[in-house]
Amino acid sequence: MNHRDVTFTETARRQVLRERTWWSENREYKEVFAEELAAAIRLISLLPGAGSPYDGIPGLKRVYLERLAAHV
């Protein structure tokens with residue numbers, strides 16, 4: 001399988017930074033955020049069609065990060 005580059009929009013980048021900050025200030029297991037985000041990026045890089053459709057934007061999908069209770 002080929003790995004593809006995964007990029008974030010500026011808005012998504014800001015959201016990730018905000019969530020990372022919150023997680024590091026409010027959670028005991030701070031490494032979970034980075035681990036889950038890295039796993040999602042790996043999944044998307046290998047299987048770009050992975051995820052569930054995102055309502056309102058045709059063709060856009062999101063991946064649920066169970067341990068974070070959030071979507072990417």
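Helix 1 (residues 10–26) packs with helix 2 (residues 31–46) at an angle of about 145°, and their axes are 8 Å apart. Axes here are lines fitted to C-alpha atoms, for helices over the stretch in contact, with angles from 0 to 180 degrees between N-to-C directions. Helices (H or I, at least four residues) and strands (E, at least two) are DSSP runs, numbered from the N terminus.

The model is predicted: local features need pLDDT of at least 70, side-chain atom pairs count only at pLDDT 80 or more, and totals for chains, interfaces and linings use all residues. Residues are numbered from 1 along each chain as its sequence is written, and side-chain values use heavy atoms, with hydrogens and water left out.

Who makes the contact (heavy atoms within 4.5 Å)? Helix 1 brings V16, E19, R20 and W23, and helix 2 brings V32, F33 and L37.

Now helix 2 itself. Its end C-alpha atoms are 23 Å apart, which agrees with the 22 Å that 16 residues should span at 1.5 Å a residue; the expected span is 1.5 Å times one less than the number of residues.

Buried means under 20% relative accessible area, exposed over 50%, partly exposed in between (1.4 Å probe, protein chains only). In helix 2, the buried residues are V32, F33, E36, L37, A40 and S45. They pack against helix 1 and strand 3 (64–65).

Take E36, at a relative accessible area of 14%. Not counting residues up to four places away in sequence, E36 touches L65, E66, R67 and L68.

Terms used: Contact = heavy atoms within 4.5 Å.
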